[in-house]
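I set them down in the order in which I looked them up.

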Amino acid sequence: MQTRIQGTVMPVLEVQLDPNDSVFAESGELSWMTASIQMTTHTQMGGGGGLMGMFKRAVGGGSFFMTEYRAVQRPGEVAFATKVPGHIVPVPVSPSNEYLVHRHGFLCATPQVTLGVGFQQSLGAGIFGGDGFLLQKIGGNGTAWLELSGELIQKNLAPGETLRVHPGHVGAFQASVGFQITTVPGIKNAIFGGDGIFLAALTGPGTVWLQTLPISRLAHQIAEYLPSSGGGGRAASVGMGGGLLGGIVGSMLNGNDN
């Protein structure tokens with residue numbers, strides 16, 4: 001198997017497969033492939049089939065079904081392109097070298113790589129669309145390719161060194177890195193600070209990959225220009241912002257009542 005990453009702003013991963021070699025990805029990730037590639041969609045890849053394997057993938061932000069791309073009889077090529085401007089990062093995976101990746105960060109992998117839930121926490125009403133914060137765990141053996149949005153910043157944290165990051169900028173990190181969600185103290189910081197009320201604390205040792213373009217921030221910027229039943233772009237954006245602020249304040253007040 002040989003691979004190459006082409007492009008700059010919107011890169012694509014091209015995988016050259018020898019006969020009987022294969023890779024897998026979530027359904028719908030394919031960009032193009034040659035005639036010798038056979039597609040098979042099932043639940044067996046990414047950590048096994050059955051209800052438990054499907055449940056782990058789904059809870060981690062993945063899909064129930066995976067698609068396997070296998071070269072049959074002769075060599076072939078399959079390609080996967082990024083969905084937004086960003087980078088494709090190959091990482092070696094082993095039981096001693098696992099990773100946690102943002103919920104949309106998995107692109108594809110070799111057959112023995114597994115996917116599961118690595119971290120899940122609700123961050124209150126209005127945050128990340130009400131879905132909370134999810135990280136996928138990538139384990140097993142082989143190679144995985146990650147899709148990170150925007151520019152890519154790599155940090156190598158020493159033992160005990162802590163980096164505080166807006167959760168949306170967390171792209172991926174080695175499982176040896178400690179991770180927890182912390183709150184910004186003070187209601188003024190929470191409402192008027194402009195950085196939200198939650199930060200991710202990552203503590204070494206290990207490598208962290210930060211992405212400069214969180215998907216949630218990109219979606220918010222695009223929403224400003226989308227028409228809505230209540231009116232045009234910027235007015236809709238103001239309404240969205242008001243709803244977000246109301247959700248944050250409401251979640252705070254509910255928390256104080258407990």
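Entry 1. I located Asn 20 in the loop between strand 2 (12-17) and strand 3 (22-26); helices (H or I, at least four residues) and strands (E, at least two) are DSSP runs, numbered from the N terminus. I noted that this is a predicted model, in which local features need pLDDT of at least 70 and side-chain atom pairs count only at pLDDT 80 or more, while totals for chains, interfaces and linings use all residues. Residues are numbered from 1 along each chain as its sequence is written, and side-chain values use heavy atoms, with hydrogens and water left out.

Entry 2. I read a positive phi of about 80 degrees for Asn 20, although it is not a glycine. Most residues other than glycine have a negative phi. Asn 20 counts as exposed, at 53% relative accessibility (buried means under 20% relative accessible area, exposed over 50%, partly exposed in between; 1.4 Å probe, protein chains only).

Entry 3. I turned to Gln 73, in the loop between strand 6 and strand 7 (76-81). Gln 73, not a glycine, has a positive phi of about 70 degrees, and counts as exposed at 74% relative accessibility.

Entry 4. I next looked up Glu 68, which lies in strand 6 (residues 66-71). Glu 68 is buried, with a relative accessible area of 10%.

Entry 5. I examined Pro 205, in the loop between strand 18 (198-203) and strand 19 (206-211). The peptide bond from Gly 204 to Pro 205 is cis, with omega near 20 degrees. Most peptide bonds are trans.
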